[in-house]
Amino acid sequence: MTSLETAANPEGLRRVAIDPLTRVEGHGKVTLLLDEHDRVQQARLHIVEFRGFEQFICGRPYWEVPVMVQRLCGICPVSHHLAASKALDQVVGAARVPPSADKLRRLMHYGQVMQSHALHFFHLASPDLLFGFDADPARRHIVAVAEAHPDIARKGIALRKYGQEVIRATAGKRIHGTGSVPGGMNRHLSDADHALLLADAARMVEWAEDAVALVKRLHAADPVRHERFGEVPAKMLSLVRPGDGALELYDGVVRVRDEDGRILLDDQDPCAYLDLIEEEVKPWSYMKFPYLRTLGPAYGWYRVGPLARVQNCSVIDTPRAERERREFLDAGHGRPIHAALATHWARMIEMLHAMEVIAALLHDADLRHGPLTATGPRAGEGIGVIEAPRGTLIHHYRVGDDDLVTMCNLIVSTTHNNQAMNEAVRAVARECFDGRALTEGLLNQIEVAIRAYDPCLSCATHALGSMPLQLDLVGADGSRRGTLVRHGDGRFERED
Amino acid sequence: MAVKPLLVIAWGNRSRGDDAVGPLFLDALRRALGPEELARVDLLEEHQLHPEMALDLVGRERVLLADADPQAPSPYTLQAVEAGRDASLASHALSPSALLAVYRELHGRHPPPVTLLGLHARHFGLGRPVSAEAEAALPAAVLWALAWIDGDAPGDWPGRSAISG
């Protein structure tokens, strides 16, 4: 059990809850329990709403699923679209989809990774990094970035827009597209869209490289903070390409490294995920805690996402991103980097890689010609695993003879990172909270550590929409000292 | 390629009860439009508003936004949208005002006139169908939008406050 997760005598502690987490998709809550000396005794990241999206999927025809699952989330719908398609490829007997379908899906996926990383970095993270954690909260948003750094904001929005255009061109719609189907794809890239995307590709590669340079400048300007803030040594899990262990976001084998960078597991079949990981339920959170079966819950938790992937792989097969990966590794002086803010650096390296992949794919004739679907012997079960922007995403379905889904299990990136995010909260609480002043700066530092993981709590809890949330302050004697409510429309209401 | 002068953006989740009324409104509007109108108006469905959508507003004469509104009486409300900074700027999904604020900072000028059509909506359960009352309110909203496209919609004028349809 982690030292600050469960206090020895929680009934005698003062409770401080930070709620909600801004710049996080969905909603979460952080609770710090203090003892009579106002020292942090407990630190937990809670999830406050649960709705069963898996149950919603059960009973539906399997061919609807790749479209329906996109309604889980407004940020990474394409990841769900493709993970479901990969799982259902197995149900329709498509052991391998045709090259055209594989490349079109990759194009769509790398467009998704690129636009999601751009949204997170420029819209949500860059205000903290450019203005500082203690800056006026009224300035920590993309409009203020556009005011102070118009070139950065313009490039960020253009990168995001380009990724969205890749999705539209391959999925058929800007949102909730139908391009990927069980067994392959249902459309080629049109000549018009090909020309549109190709025209801007080189410029987007340059701008993605500029984004990596920006992160490096921010790191160099405050190296201690970037190397230490929210540092949580963790095992790293991701897909890698079979054979050479290259960074692979669409399809691959599972690799796990330990906190020191040693490979613990390699070449694992992702479809055997149930043999590899197990999920622990804790009474204080709706979100489960996955861990490696072989190591157990106390030692088997791990990190997924950009920081894990960039260090878990052996190489990146695009030249600019590989050059940046090597420079990133050098910053660790031979040790893996586990600091929260390094995630942004890794994320921008991945965005550059995604854009290089897109630019290269656009020269592949298979995108516009060739068979699109495959079939084979019908199966009753399928598992699709993909590296979504935030990390490893698992979709698992069973389908009855009547073509209706009978079982659905989704393990999303944010759930994989649950323990790592909790550890990050504890690390910041230990370092920054004096037990007295609950300042906006402190709240934001805790949120900065969590936001580095770009958690998508809509996906993790399968919850949707907004809800009013509140901050409670409870004294050591159990009495409520005050409540701060942030309503769904952003209004604050205080009760003392 | 020239940008069409009019833009309608509707958003919501088709799997969450009345949150689907935005996309359903757009479906109905698309069916009601002839080729002549479609040559002048772009129709965009979204899950939520994102910052890069400020680029979709560039070059438009007028913009109509449509979303489920749990406070809107039946059949709809209308509101002129002004650029403004609010809490949504710190989230993945922008409010209409925040979207216009992004536009203003990116382009250094005021956005085109934007009207928000708040569609009557009450129930948002996951997997629930659209309620009968929300569905019944849609035809009136579509009729208003057709008039908006023709430039003679009642209640659509600069500086108005929220009104009910």
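**Group meeting: two chains of a predicted model**

With 13 C-beta neighbours inside 10 Å, the residue Glu327(A) counts as partly exposed. Glu327(A) belongs to helix H12 of chain A, which covers residues 319-331. Between the C-alpha atoms of Glu327(A) and Pro371(A) there is a separation of 41 Å, and these two residues are 44 residues apart along the chain.

Let me stay with chain A and turn to a sheet. Here 3 strands form an open sheet in the order E12-E13-E14, with antiparallel pairing. Which are its edge strands? They are E12, residues 381-388, and E14, residues 405-411, and each of them pairs on one side only. On average, and with direction ignored, neighbouring strands of this sheet are turned by 10° against each other.

Strand E13 of chain A spans residues 391-399, and its antiparallel pairing with E14(A) runs over 6 bridges. Within this region, the residue that stands opposite His396(A) is Asn409(A), in E14(A). A helix also lies across part of the sheet: H3 of chain A, residues 77-91, lies across E12 and E13 of chain A and runs at about 150° to E12(A).

I move now to the contact between the two chains. In total, 30 residues of chain A are in contact with 29 residues of chain B. On the side of chain A, the elements that give two or more residues are the helices H1 (53-57), H4 (99-131), H5 (142-148) and H6 (150-171). Which of them gives the most? That is H6(A), with 6 residues. Sorted by class, the side of chain A that touches chain B has 13 nonpolar, 7 polar and 10 charged residues.

Finally, I come to a pair of helices within chain B. Two packed helices are described by the angle between their axes and the distance between the axes. For helix H1 of chain B, residues 21-32, and helix H4 of chain B, residues 132-150, the axes come within 9 Å and cross at roughly 50°. H1(B) and H4(B) are therefore oblique to each other, and H1(B) passes H4(B) in a right-handed crossing.

Which residues meet there? From H1(B) come Val21(B), Leu24(B), Phe25(B), Ala28(B), Leu29(B) and Ala32(B), and they meet Ala134(B), Leu138(B), Ala141(B), Val142(B), Ala145(B) and Leu146(B) in H4(B). By class, this contact of H1(B) with H4(B) has 12 nonpolar residues, with no polar and no charged ones.

Definitions and conventions:
Residues are numbered from 1 along each chain as its sequence is written. Chains are lettered from A and ligands numbered from 1 in the order in which they are written. This is a predicted model: local features need pLDDT of at least 70, side-chain atom pairs count only at pLDDT 80 or more; totals for chains, interfaces and linings use all residues. Axes are lines fitted to C-alpha atoms, for helices over the stretch in contact, and angles run from 0 to 180 degrees between N-to-C directions. Helices (H or I, at least four residues) and strands (E, at least two) are DSSP runs, numbered from the N terminus. Angles under 35 degrees count as roughly parallel, over 145 as roughly antiparallel, 65 to 115 as roughly perpendicular and the rest as oblique. A crossing is left-handed if the near helix is turned anticlockwise from the far one by less than a right angle, and right-handed if clockwise. Two residues are in contact if their C-beta atoms, placed from the backbone, lie within 7 Å. Ala, Val, Leu, Ile, Met, Phe, Trp, Tyr, Cys and Pro count as nonpolar, Asp, Glu, Lys and Arg as charged, and the others, Gly among them, as polar. A residue is buried if 20 or more other C-beta atoms lie within 10 Å of its own, exposed if 12 or fewer, and partly exposed in between; C-beta atoms are placed from the backbone. Two strands pair if DSSP finds at least two bridges between them.
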